[in-house]
Amino acid sequence: MAETALTNPEKSPAQSAGWKGIAADWSSDQRAFKNVSWGKAMMWIFLLSDTFIFSCFLLSYMTARMSTTVPWPNPSEVFALEIAGHHIPLILIAIMTFVLISSSGTMAMAVNFGYRRDRVKTAVLMLVTAALGATFVGMQAFEWTKLIMEGVRPWENPWGAAQFGSSFFMITGFHGTHVTFGVIFLVAIARKVWRGDFDHGRRGFFTSRKGNYEIVEIMGLYWHFVDLVWVFIFAFFYLW
């Protein structure tokens with residue numbers, strides 16, 4: 001019987017059909033994606049590629065920090081502010097984090113009202129989200145200005161390892177760019193929602209089929225991703 005099993009093994013459809021069988025196996029789950037729009041699918045692909053980029057940045061930062069022989073600057077001292085004569089560590093970063101996480105909540109509510117086709121509440125909540133995002137970027141600009149005035153450069157800083165400056169500007173700058181573009185698109189989409197472009201099927205950029213607010217959900221995916229990335233930056237760069 002062992003000889004029979006060796007000479008006549010059971011073959012899977014992929015083995016018996018060759019490359020056609022392999023292709024059939026790989027495409028067997030195509031039905032799961034037939035109802036997904038191109039816009040949403042492309043956003044997921046973009047977010048996946050962005051995940052790899054941010055992961056590389058954070059891994060490079062951790063490698064540089066653990067391999068340097070020069071002491072790494074203490075974030076509690078570098079990112080502290082003097083308020084009413086008191087030295088408060090990480091207060092600005094805590095406020096920035098609160099603002100960005102709050103914007104994720106308003107974006108989720110905007111998507112919810114988009115499903116209900118309530119254009120006024122959807123537009124208002126998207127504008128609130130954009131305002132919170134702009135506030136975050138403004139505070140980040142203040143943070144950059146403060147550190148630059150204190151002598152932080154991509155190649156040096158007055159507190160320790162030279163890699164600190166390059167890591168800080170690269171990671172926070174790349175994330176801040178994402179937030180800035182997100183704010184711009186939030187305002188643009190909110191304007192279209194407010195005008196009723198999605199209710200009337202008016203032609204134009206980012207206008208989907210009549211009565212379809214899917215672009216609001218796509219913007220929600222992007223914005224939640226940006227918020228999630230900041231959680232990792234906050235944990236690894238500011239708290240570590």
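Predicted model: local features only at pLDDT ≥ 70, side-chain atom pairs only at ≥ 80, totals over all residues.
View 1. Look for Val78, Phe79, Leu81, Leu92, Ile93, Glu143, Lys146 and Leu147, which line the largest cavity. Both α6 and α7 give two or more residues to this lining, and the largest share, 3 residues, comes from α7. Sort the lining residues by type and you get 6 nonpolar, no polar and 2 charged.

**View 2. Helix α6 (residues 91–115) against helix α7 (residues 119–149).** A quick reminder: two packed helices are described by the angle between their axes and the distance between the axes. Here the axes come within 8 Å and cross at roughly 160°. Angles over 145 degrees count as roughly antiparallel, so α6 is roughly antiparallel to α7. As for handedness, α6 passes α7 in a left-handed crossing. What sort of residues make up the contact of α6 with α7? They divide into 17 nonpolar, 8 polar and 2 charged.

**View 3. Helix α6 packed with α10.** Now turn to another partner of α6. The axes of α6 and α10 are 9 Å apart, and the packing angle is about 160°. That angle is why α6 and α10 are described as roughly antiparallel to each other. Left-handed or right-handed? The crossing of α6 past α10 is left-handed.

**View 4. The largest pocket, with a volume of about 270 Å³.** There are 15 residues lining this pocket, and the closest to its centre are Met43, Phe46, Phe185, Met219 and Tyr222. Which elements give two or more residues to the lining? They are α4 (38–67), α8 (163–195) and α10 (214–238). Of these, α8 gives the most, with 6 residues. By type, the pocket lining has 11 nonpolar residues, 4 polar ones and no charged ones.

**View 5. Helix α8 from end to end, with its 33 residues.** From the first C-alpha to the last, α8 reaches 48 Å, close to the 48 Å expected at 1.5 Å a residue. While you follow the helix along, remember that an α-helix has 3.6 residues a turn, so residues three or four places apart point the same way. What comes just after α8? Gly196 sits there, and Gly196 takes a positive phi of about 85°.

Methods: Residues numbered from 1 in each chain as written. Heavy atoms only, no water. 1 Å grid on protein atoms, 1.4 Å probe; cavity = no way out; pocket = protein on both sides within 12 Å on 5 of 7 lines; lining within 4 Å. Points joined across faces, edges and corners; volume = space filled by probe spheres on them. Helix = DSSP H or I, 4+ residues; strand = E, 2+ residues; numbered from the N terminus. Nonpolar A, V, L, I, M, F, W, Y, C, P; charged D, E, K, R; others polar. Expected span 1.5 Å × (residues − 1). Axes fitted to C-alpha atoms, helices over the stretch in contact; angles between N-to-C directions. Parallel < 35°, antiparallel > 145°, perpendicular 65-115°, else oblique. Left-handed = near helix turned anticlockwise from the far one by under 90°.
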